[in-house]
Structures are given as C-alpha cells and as structure tokens.
Amino acid sequence: SGCLRLTVWICSFSINQHASICAGFGAPPEDPEAFAKFDAKRRDSVTKKIYRTCTCESRKYFNDARDLCELNKFDAMMNDLSQSTANFRQAVAVDVSLQLFSRAWCVAELVEARRLGLQQHLVVYSRNSVSGEKTSALKKIRVQNCQASRPEDVEEILAKIDDKDKFNKELQGALFDDSDSLFKKLFESQLARTDLHSALLDALA
C-alpha cells in the first residue's frame, strides 16, 4: 500500500550515463585473469558478441573534471537527500553471488548510510543465496581490496578515507556486528523470504 507514491533513487538511472560511461567498458585490465572476467562481462552470454556501446556525442566527465563529473558525489547526494527527504532509507538489493560487497562504490555507500543514521534494508534473491561460506567471506572484506570498473574510482574512494581500519570496522558493523546490522535484520525479518519482488516492496514501504 502506498508504494506508487514512493520515490526511489537508483544510480544507474538517476546519474546521466551519457555524460560518463556510455561509450565503452573502461580500460581492459592487463592481468590475464582479470581481463578474462572483464571480457566476459562485456559480451552477450548467449551470442558471445561484445555489446554495442552508445554512439552519442555527449561530452564525458570523469575524475579529471571533478565538479562536472556525476560519478563522484554519492556522499554529498546521500547527505542532501537525508536532510531534505522525510523517512529517507537505503534498500540494498544484492546479487546472487553477493559480489556487490566487493565493489568499492557500494561498500562506501553502505558505510556512509550508516554514518548518516539511515534505515538500511538488505534484499537478497533468496535465503538460500546467503550461504555460510559466502557470509564468512564477507567478514574478510577490506575496502583496500575492493574493485570498481575504473581504477581511478578506487583511488578516489580510498583517498576520501583517512582511517581505513576504522572504515573496515564500520563496514563489518553494518554487515554483521551491530545490533541492527544488515544480515542480522535480514534473518529476523520478512526480507528472508524467497520472493524478491515482495521483499523489495517491503524494504521500500
């Protein structure tokens, strides 16, 4: 009830992709193993053909144009919305393999939401997708080891973190250790259901 009146910020839609990454897949990694993963992600899983990229002529702005770049302002955006939007919350919709937690932007947003005191809701594909092996691996996550599509993004995120040990402790608190951590709430709530659509609506309600 009332979900049609909700406003949802989704970065992939809310950020102007034509002013940033629409024209390519980023620089190919030199490491053979990393390149194989990179190459697989840019290809259609059935035809194996490389996806077509956008041919628009919009000017691109990255880290070298900090003021005009839209990719580097997640913390300012979250801070602004938390102050201007009543009941502003964060829904964390996670992929089956939990790779989201290895992405530098994603873990930075998790910790920032925690610092702002936002309500956070974890949404998983199914309870079975959250195995003990996967969650054990998450307890070893360090922001220094996280990745992004562009190495420059990782460098910028790390540059904003003065105390990385403290950040990693806050991250583990957000995931497991705090009394209202994401995974603790997951298994104590309806979000552990197998219906992803209903769980996401619950998180936004």
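Helices H4 and H6 are roughly parallel to each other (an angle under 35 degrees). In this predicted model, local features need pLDDT of at least 70, side-chain atom pairs count only at pLDDT 80 or more, and totals for chains, interfaces and linings use all residues. Residues are numbered from 1 along each chain as its sequence is written, and side-chain values use heavy atoms, with hydrogens and water left out.

H4 (residues 104–115) and H6 (residues 151–160) pack at an angle of about 25 degrees, with their axes 10 Å apart. Ala104, Trp105 and Ala108 of H4 make the contact (heavy atoms within 4.5 Å) with Asp153, Val154 and Ile157 of H6. Helices are DSSP runs (H or I, at least four residues), numbered from the N terminus.

The twelve residues of H4 reach 17 Å from the first C-alpha to the last, close to the 16 Å expected at 1.5 Å a residue, where the expected span is 1.5 Å times one less than the number of residues. Among the buried residues are Trp105, Val107 and Leu110. Gly117, which follows H4, has a positive phi near 75 degrees.

The count of disulfides (cysteine sulfur pairs within 2.5 Å) is zero. For two cysteines, the closest cysteine sulfur is too far for a bond, as tabulated.

| Cysteine | Closest cysteine sulfur | Distance |
|---|---|---|
| Cys106 | Cys11 | 8.5 Å |
| Cys146 | Cys106 | 8.9 Å |

Notes. Helices (H or I, at least four residues) and strands (E, at least two) are DSSP runs, numbered from the N terminus. Buried means under 20% relative accessible area, exposed over 50%, partly exposed in between (1.4 Å probe, protein chains only). Axes are lines fitted to C-alpha atoms, for helices over the stretch in contact, and angles run from 0 to 180 degrees between N-to-C directions. Angles under 35 degrees count as roughly parallel, over 145 as roughly antiparallel, 65 to 115 as roughly perpendicular and the rest as oblique.
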